[in-house]
Amino acid sequence: MLSNILDRISFVALSVVIVLLPVFFLPFSKIPVETSKSLLLVIGLAISVIFWAAARFSDGKVLIPKSNILLGGAGIVIAVLLSSILSSTSAISFFGIMFDIGTFWFIFAGFILMLFSAIIINNSQKAMFIISSLSLSLGLVLLFQLFRFFMPMTLSLGILGDKTDGLLGNLNNLGILVGLSGIMSLFVLEFFKVSKIFKWILGILLVLSLFMAAAVNFSLVWELLGLFALIIFVYKISLSSGKDVEEKAKVTNFPAFSFGIVMLSLLFFMSGQFIGGFLPNRLGISNIEIRPSMEATMSVAKSSLSKDLVFGVGPNRFNEIWSSYKPAVINATRFWNTSFNTGSGFLPTMAATTGLVGILALISFFFLFISSGVKMLFAHIKKGVSGEIALFFFGAVYLFIASFFYSVGLLAIMLAFAFVGIFIGLSSGAGTNKVWSYSFLSDPRKSFFSILLLIVLMIISAGISFKFIERFASVAYLGDVFTATDMPQAEFAINRALLLNANDLYFRTGTQVYATKVNTFLNKGEALTEQEKAELQNSFDSALNSAGQAIAYNPSNYLNYESLGGLYQLATTIGVEGASTKAIEAYTKALELNPQNPGLKLAIGRIYLAEGKTSDAKMYIEESLTLKPDYI
């Protein structure tokens, strides 16, 4: 039957997204690993949706699980949509620079992944395929990273840097994945009846996961590994409660693997660096990542929500509220001038930027998901529960907890949504939830409007993917800017990037390109010809235009005003009339958006000093030193 073939293609496309997301990247390109994964996500989802819709033309039936969890997920999408619409810089909140984590389109993609995982992956056979394939995929990632510890340059593949770079970005993101692979392997070993070969593979994967957890030495991973190993231990013991001795022996043995991991996690957690630092020191790995603490994140969120309580400032704008409300104590660190795009974790960042509506939507979703999972587990505790359902429930809970305490990347968030969707699909297939069924071929009116909606769905899916590919191509051109060997090449690259994806980061980069060209003329050290003077003027005008467009695109980002101030400061050296006044105006506006930044005050002081206004210069320099007393 044609619908079965189309459904199978849809399942394969969705499986490719879930299974290959950990390992996918574009080697020997200028595309960051995280951006490469977004390409697979968008294209794979679009193909899955299109073929699923095409299959409905054939059988005339739509089956969707009746799940409150899906309604909770839709509530998050609506909350983020409203917050994005009401954001003063909607373009940043809807898409960001390049499908930024936390933007509306990112959250919407996660919901679509969850929805279609629930619709398509609805039986144990499909679930086991995902489990086995994903286990192998995770194993490949861990093996690749292990070899990179010893051969970082050989396995750089033209895109990765030192040994701490990998297919998931930084080491802490690798650690989160290591924890997931360990929990999945442990769960299958404890609860599933699989072949001896697969058991050996899972055993090796579990050992490799523990080794990599020790190499990464991320305390959160050991805490979560220990916690979930303890839960698995208790749950397996509970499954045999109330049964006679003979039946207990058939149901379960002592969960030695779980108990061992609990003890190992406790050892690493209690010992600190005494044991935890041994393997990283041997491998020459330094896992240092700078991010806001939970306390600083909550402080910034509280200040931001006091001003924009209901809908927040808008998704993907944490860097702006960090600049406005960061604690003054940050200036005492080396990271006083660092602009953080996320807080201590993904979920706190979402809460800080989407307001009360977003917070309530997140709480509702997690309440519905956790209560449904716990109810399902306890309702079947005596007779046992489908191992696949429990595995995906525990996997999703692990990833969501990790995303609360850490700013996880695209992979962890999308796998969490996919796991929730599979949990819903398996629950509905097992009869836990009812399935909503809609048939339309028998009624001409229903048939017309239903087919029309399906066609619109296919067109929208294709259109979004084409638009994404266009913006995706701009990333390569942006990379060309920084590897260009001459100015014409750099100008061409930034202009192509802006043509495909105009945003304030690209505009600021354009400002830097043209400012560099201006400096090239100024540093010649000889009289300029009339042609060179004209080129200098054109370069300055182009730089000024780029800086202005960056501000127009996002007037809430202090970096755009700082870029304009720096350009006018440069213009003072070529005698542009009123340049110093305009530079001070730009820096002053940047200060309004980032009042705790001593560098901006110092920049204004230097301009006044160059003009001979000593008293004004002294005032700003003293204010700069008040903010940062150790400012050299």
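A salt bridge is a side-chain nitrogen of Lys or Arg within 4 Å of a carboxyl oxygen of Asp or Glu. In this structure, Asp7, Arg56 and Asp59 are linked in a network of such bridges. You're looking at a predicted model, where local features need pLDDT of at least 70, side-chain atom pairs count only at pLDDT 80 or more, and totals for chains, interfaces and linings use all residues. Residues are numbered from 1 along each chain as its sequence is written, and side-chain values use heavy atoms, with hydrogens and water left out.

**Salt bridges**

- Searching the whole structure turns up 13 salt bridges.
- One of them pairs aspartate 7 with arginine 56, and their closest N and O atoms sit 3.0 Å apart.
- Aspartate 7 belongs to helix H1 (residues 2-20) and arginine 56 to helix H2 (residues 33-59), so this pair ties together parts that are 49 residues apart in sequence. Helices here are DSSP runs (H or I, at least four residues), numbered from the N terminus.
- Arginine 56 counts as buried, at 5% relative accessibility, while aspartate 7 counts as partly exposed, at 24%. Buried means under 20% relative accessible area, exposed means over 50%, and partly exposed is in between (1.4 Å probe, protein chains only).
- Aspartate 480 forms a salt bridge with lysine 30, again with 3.0 Å between the closest N and O atoms. That pair links distant parts of the chain: aspartate 480 is in helix H19 (residues 444-483) and lysine 30 is in the loop between H1 and H2, 450 residues apart.
- Lysine 467 bridges to glutamate 470, with the closest N and O atoms 3.0 Å apart. These two are 3 residues apart in helix H19, which means about one helical turn separates them.
- Here's the background: an α-helix has 3.6 residues a turn, so residues three or four places apart point the same way.
- Lysine 467 is partly exposed at 45% relative accessibility, and glutamate 470 is partly exposed at 33%.

**Nonpolar cores**

- The largest nonpolar core has 153 residues, and Leu41 and Ile176 touch the most other members. A nonpolar core is a set of buried Ala, Val, Leu, Ile, Met, Phe, Trp, Tyr and Cys residues joined through side-chain atoms within 4.5 Å.
- Helix H18 (residues 410-429) gives the most to this core, with 15 residues.
- Not counting residues up to four places away in sequence, leucine 41 touches Val17, Leu21, Phe99, Ala109, Leu113, Leu410 and Met414.
- Apart from this core lies another one of 29 residues, including Ala515, Val518, Ala543 and Ile551.

**Phenylalanine 57**

- You'll find phenylalanine 57 in helix H2, and at 30% relative accessibility it counts as partly exposed.
- Leaving aside neighbours within four places in sequence, phenylalanine 57 is in contact (heavy atoms within 4.5 Å) with Leu441, Ile451, Leu454, Ile455 and Met458.

**Helix H24**

- Helix H24 (residues 579-593) has 15 residues and reaches 21 Å from its first C-alpha to its last, close to the 21 Å expected at 1.5 Å a residue. The expected span is 1.5 Å times one less than the helix's number of residues.
- Among the buried residues of H24 are Ala579, Ile584, Tyr587 and Leu593.
- The cover over the buried residues of H24 includes helix H15 (318-325), helix H23 (558-571) and helix H25 (598-610).
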